[in-house]
Amino acid sequence: VEAVHLIADGKAPRIPQPKEGATYEGIQKKENAEISWNQPAAALHNWIRGHDKVPGAWATIDGQVVTFYGSSLLDASVPAGQELVIKGASRPGLITKNGLVIFGNDGKMVLVRNLQFEDGKMIPASKYFSADETTALELTDEEKKMAEDIR
């Protein structure tokens with residue numbers, strides 16, 4: 001009761017919390033979430049996973065900031081895939097049917113399932129090289145008639 005009265009009267013002592021021993025990490029910012037490639041695969045995975053969804057761990061690919069989402073450690077032989085040069089990485093990543101495989105400095109692998117571009121567009125990592133391909137929708141004669149009827 002006494003403490004409540006001290007607060008209500010504006011007379012409660014104010015003791016600043018010491019920084020030593022504090023474990024709180026402030027809000028992460030996008031500029032601090034860039035992936036540092038000189039790490040083992042487990043550290044890369046933890047970095048990506050730790051920044052998933054906000055702010056999102058990112059790297060530069062083809063001059064564009066690309067954010068990585070949905071990582072998992074990959075314990076298998078190196079899969080077949082198309083090489084993808086990632087700025088700062090000592091070894092190119094591989095676009096495979098399951099996603100983007102990246103390599104730690106220990107030679108072990110991490111699989112990244114989704115990539116997001118600067119414009120906000122998110123794609124499965126396995127579709128990186130086919131992301132620019134668009135297919136036109138072609139209607140059958142029956143569908144064209146139905147579209148006209150709807151209009």
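His45 is buried, its relative accessible area being 10%, where buried denotes a value under 20%, exposed one over 50%, and partly exposed anything in between (1.4 Å probe, protein chains only). The structure is a predicted model, in which local features need pLDDT of at least 70 and side-chain atom pairs count only at pLDDT 80 or more, while totals for chains, interfaces and linings use all residues. Residues are numbered from 1 along each chain as its sequence is written, and side-chain values use heavy atoms, with hydrogens and water left out.

His45 belongs to helix H2; helices (H or I, at least four residues) and strands (E, at least two) are DSSP runs numbered from the N terminus. Apart from neighbours within four places in sequence, His45 is in contact (heavy atoms within 4.5 Å) with Ser71, Ser72, Leu73 and Val110. Helix H2 spans residues 41-50, and its buried residues are Ala41, Leu44, His45 and Ile48. These residues cover an arc of only 100 degrees around the axis, and therefore lie on the same side of H2; the arc is taken from the directions from the helix axis to the C-beta atoms. The cover over the buried residues of H2 includes strands E1 (57-61), E2 (64-74), E5 (99-103) and E6 (109-116).

A nonpolar core is a set of buried Ala, Val, Leu, Ile, Met, Phe, Trp, Tyr and Cys residues joined through side-chain atoms within 4.5 Å. The largest such core has 22 residues, of which Phe68, Ile86, Leu100, Ile102 and Leu115 touch the most other members. A second, separate core has five residues, among them Leu94, Val101, Phe103 and Leu111. Returning to Ile86, its contacts beyond four places in sequence are Trp37, Ala59, Thr60, Ile61, Phe68, Gly93, Leu100 and Ile102.

Six of its eight residues are buried, so E6 is largely enclosed by the rest of the structure. In a regular strand the side chains alternate between the two faces of the sheet. Strands are said to pair if DSSP finds at least two bridges between them. E6 runs antiparallel to E2, and seven bridges join these two strands; Ser71 stands opposite Val112 of E6. E5 also pairs with E6 in the antiparallel sense, over four bridges, and Ile102 has Val110 in E6 as its bridge partner. Five residues separate E5 and E6 in a hairpin, and in its turn Gly107 has a positive phi of about 85 degrees. A further antiparallel partner of E6 is strand E7 (residues 122-124), joined to E6 by three bridges. Here Gln116 has Met122 in E7 as its bridge partner. The hairpin of E6 and E7 likewise has five residues between the strands, and Gly120 takes a positive phi near 95 degrees.

Beyond four places in sequence, Leu84 is in contact with Ile61, Pro92, Gly93, Ile95, Leu100, Tyr128 and Phe129. The C-alpha atoms of Leu84 and Glu142 are separated by 43 Å, the two residues being 58 apart along the chain.

UniProt, in an unreviewed entry, places the feature "domain: Formyl transferase C-terminal" at residues 29-130; its positions are given in the numbering used here, feature names are shortened, and annotations may be inferred rather than shown by experiment. This span is 10% helix and 38% strand, and its end C-alpha atoms lie 30 Å apart.

The charged pairs complete the description. Side chains of opposite charge can pair when their charged atoms come close. A search of the whole structure finds two salt bridges, each defined as a side-chain nitrogen of Lys or Arg within 4 Å of a carboxyl oxygen of Asp or Glu. In one, Asp149 pairs with Lys145, the closest N and O atoms being 3.3 Å apart. Both residues lie in helix H3 (residues 141-150), four residues apart, or about one turn of the helix. Asp149 is exposed at 56% relative accessible area, and Lys145 is exposed at 54%. In the other, Glu148 pairs with Arg151, with the closest N and O atoms 2.7 Å apart; Arg151 is exposed, its relative accessible area being 75%.
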